[in-house]
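Reader: I have the sequence and the coordinates open side by side. Could you walk me through what stands out?

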Amino acid sequence: MTATTDAPVRAARPRRKKGEGQWALGYREPLNGNEQIKKDDDALNVRARIETIYAHRGFDSIDKQDLRGRFRWWGLYTQRKPGIDGGKTATLEPEELEDSYFMLRVRIDGGQLTVAQLRTIAEISTEFGRDTADLTDRQNVQYHWIRVEDMPEIWSRLEAVGLSTQEACGDCPRVILGSPVAGIAEDEILDGTWAVEEIERTYIGSPAFSNLPRKFKTAISGHPSHDVVPQINDIAFTGVVHPDHGPGFDLLVGGGLSTNPMLAKRLGAWVPLEEVPEVWAGIAGVFRDYGYRRLRTRARIKFLIADWGPEKFRDVLENEYLKRKLVDGPEAPAPATPGDHVGVHRQNDGRYYVGVAPTVGRVTGTILSRLADVVEAHGSDRIRTTAQQKLLVLDVEQEQVEPLVAALAELGLEARPSAWRQNTMACTGIEFCKLAIVDTKDRAQWLIAEMERRIPELDVPITVNLNGCPNSCARIQVADIGLKGQLVTHEGEQVEGFQVHLGGALGLTAGFGRKLRAHKVTAAGLADYVEGIVRTYLDQRADGETFAA
Ligand code: SF4
C-alpha cells in the first residue's frame, strides 16, 4: 500500500542499535562465555596454575574454563580423540571429542631460529611429542601428544634458548610474521627485524593486550615479494619507499579469511621503522577498545574496518591513541604472487640462502634434529621458517651450496621441488583438530604424489590448499584450487569430500576464489578432479595466462 498525502504519517522512530560489546562505548559487562572467562581472570595467569597444580595432579584436575579457554594463551589446545569420524564433529560434546593430550604451538616471531633453538625444538618433539612437529603457515612449530605433566620442563627448555609459547593462541597478539629473508635479501627495501623484536619484547605478555576481542595477527616485512601475506593479516607493515622520506612501511589493517573473508585495507599512511611498535600498539588499542565483543563471529578487527572504513579508523587512531597525525604515503606495489623463497638465492653479503619445501609443512623431531646437524656441518647457524610452511638455511658459502642441497634432499627437504610439492598446503585436519570434518595432511601428501605422477610437466605455480573444515587455517579462499573439507553425498552415502573454491589469489590480482555450488568432490575423486581442471587450463591457456585468470 502506498501512503497518500492526507494519510496520518507516523514518524519513523530510529531503531536502537544493539550494542556490539565495545568497551569504549561502555559495554564492560561480558556478553558471552568467552568474554566472561577473560574477565574472571587474566588468561595469562593460567601458567602458574599449570606449573603448581595441573602438572602435578594431571589432566582430570584441570578446571574446564582453564582447559577450554585460558590454556590457549600459552599455546595449548586439547587435541581430537583418535578415531572419531568427521560426521560427529558437530554433534559431540567437547568432552567427547577432546583427548587428554594437547597440541602445543611454539611462537617463532619473524621465523628466526638458531641451530641451538632448532635442536631444542627437535628434542622436545622426540621426548614429549611422539616425534610430531608441523611447520604452520604462520612460521610456528606445532607439536601433538603433549601431556600437561610435561609442560614445566618443556617451558624450561624452550625459554633457556629464548623461545616461548606465550600468546601463541587465544584472543591476543599472535606470533608476528616477519620476512624470512630479513637482513639478507639483495632486493630488500628495509629490514623489519627490529620492529618484530621490539613489539615482542614490549607487548607480548603485557596485560594491556592480553584480552582482545579475538586473535590479532601481525605481519611485518620489508621485502617486495609480500612474503608474509600482508593482505590477510589483521595488521600489516609492508616495505615501501616514500618519495620524500625514504624506506618505511605501508600500513594495512583488517585482513582475514575464515567464514567472512576480507582483504586488508590501506590506511594511506607511511610508517618509518622506529615508529612501527608505537603504531602497532595504537591499532591494537583501537581493536581492544572498539572491537566487537558480543558475537565471536564478528569479533575480528576486519568487521570494525568494514563498518568504519579506513578513514574513520585512521582518525580514531591518530586523535585518540597516537595524539598526532601520521605521514601520508604511497601504496607498496604488490608482486604477481607472494614469495616463498624456495630454491638457491644470493644474499646481500655474497653468500647464499637455500629454501626447501617440506611436504605440507610436515616434519618430525628426528628430521629437525638431523637438519640441525646438516646446517651446522655446512657452516650455518641460522634457519628461518616461512608463512608458506617452508624452511630456509642462511649464510651458506658458495662451495657449500650443492653439498647442502643434496644433504637436505636426503631428509626429504627439497630445494628444487616439483611445482606440486612447492605449492600445496594443508591445515592440521582430522588427525588432531577437534573442528575438522576430513583428513588433510595425509590426503595432501597422497595428492602431491599422484599429481607428480600424472602431470610431472607442470611448469607454473598452481596453489592447492586443503582445509579440514569451513575455517581457513590453510587459506583456501586465496588459493588457485581451494579445498574446504566437508561431507558430500556420493551414491546415497555421506563421505569425506571438499567444496572447491577456484581462482583465488594473493598479490597483484588478490581476490577470493569462486565457490561454485556444483564443485564438490569426494576425497577419493580428488586427484581425478585436480588433474581434469589443470589439464584443461594447460591445454587452453593463452600466452602468460595464469590459472586464476
Ligand atoms: Fe582445524 Fe578447520 Fe583450522 Fe583445519 S581449518 S586446522 S580443520 S580449524
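Reader: Which residues have the most contacts inside the largest nonpolar core?

Author: This is a predicted model, and its largest nonpolar core has 152 residues, those with the most contacts inside it being L251, V253, V276, I283, Y353, V354 and V393. Helix 8 gives the most to this core, contributing eight residues.

Reader: And what is I283 in contact with, leaving aside its neighbours within four places in sequence?

Author: With those neighbours left aside, I283 is in contact with I235, V253 and L317. As a general point, nonpolar side chains in soluble globular proteins tend to be buried together.

Reader: Let me move to helix 7, then. Which of its residues are buried?

Author: Within helix 7, which covers residues 193-203, the buried residues are A195, V196, I199, E200 and Y203. Seen down the helix axis, they fall within an arc of 130°, so they line one face of helix 7.

Reader: What do the buried residues of helix 7 pack against?

Author: They pack against strand 6 (173-178), strand 7 (216-221) and helix 8 (276-290). Just after helix 7 comes G205, which takes a positive phi of about 90°.

Reader: How about helix 11, which residues are buried there?

Author: In helix 11 (residues 401-410) the buried residues are L404, V405 and L408. They cover an arc of only 100° around the axis, which puts them on the same side of helix 11. On the other side of helix 11, E402, A406 and E410 are exposed.

Reader: Why would residues three or four places apart point the same way?

Author: An α-helix has 3.6 residues a turn, so residues at a spacing of three or four places point the same way.

Reader: Fine. What packs against the buried side of helix 11?

Author: The buried residues of helix 11 pack against strand 12 (343-346), strand 13, helix 10 (365-377) and strand 16. Just after helix 11, G412 takes a positive phi of about 85°.

Reader: You mentioned strand 16; is it largely enclosed or largely open?

Author: Five of the six residues of strand 16 are buried, so it is largely enclosed by the rest of the structure. Strand 13 (residues 352-356) pairs with strand 16 in the antiparallel sense over four bridges, and V356 stands opposite L391 in strand 16. Strand 15 also pairs with strand 16 in the antiparallel sense, over three bridges, with R384 having L392 in strand 16 as its bridge partner.

Reader: How many residues lie between strand 15 and strand 16 in their hairpin?

Author: Five residues lie between these two strands in the hairpin, and Q389 in the turn has a positive phi of about 60°. Q389 is not a glycine, and it is buried, with 24 other C-beta atoms within 10 Å.

Reader: Where is R130, which also has a positive phi without being a glycine?

Author: R130 has a positive phi of about 50°, and its place is in the loop between helix 5 (115-128) and strand 4 (132-135). R130 is partly exposed, with 14 other C-beta atoms within 10 Å.

Reader: Now the end of the numbering I'm looking at: how do strand 19 and strand 20 pair?

Author: Strand 19 (residues 481-490) and strand 20 (residues 493-502) pair in the antiparallel sense over 10 bridges, and the bridge partner of V488 is V495 in strand 20. The two strands form a hairpin with two residues between them, and E491 in the turn has a positive phi of about 50°.

Reader: One more topic, the ligand. Which residues surround it?

Author: The ligand is surrounded by C427, T428, G429, C433, L435, A436, N467, G468, C469, N471 and C473. By class, this shell has six nonpolar residues, five polar ones and no charged ones.

Reader: And V327, which residues does it touch, not counting those up to four places away in sequence?

Author: On that count V327, which is found in strand 11 (residues 327-328), touches H245, A269 and W270. V327 and V271 are 56 residues apart in sequence and 7.1 Å apart in space, C-alpha to C-alpha. V327 itself is partly exposed, with 14 other C-beta atoms within 10 Å.

Notes. Residues numbered from 1 in each chain as written. Predicted model: local features only at pLDDT ≥ 70, side-chain atom pairs only at ≥ 80, totals over all residues. Buried ≥ 20, exposed ≤ 12 C-beta atoms within 10 Å, placed from the backbone. Arc of directions from axis to C-beta. Contact = placed C-beta atoms within 7 Å. Near = placed C-beta within 6 Å. Nonpolar A, V, L, I, M, F, W, Y, C, P; charged D, E, K, R; others polar. Core = buried A, V, L, I, M, F, W, Y, C linked by C-beta atoms within 7 Å. Pairing = 2+ DSSP bridges.
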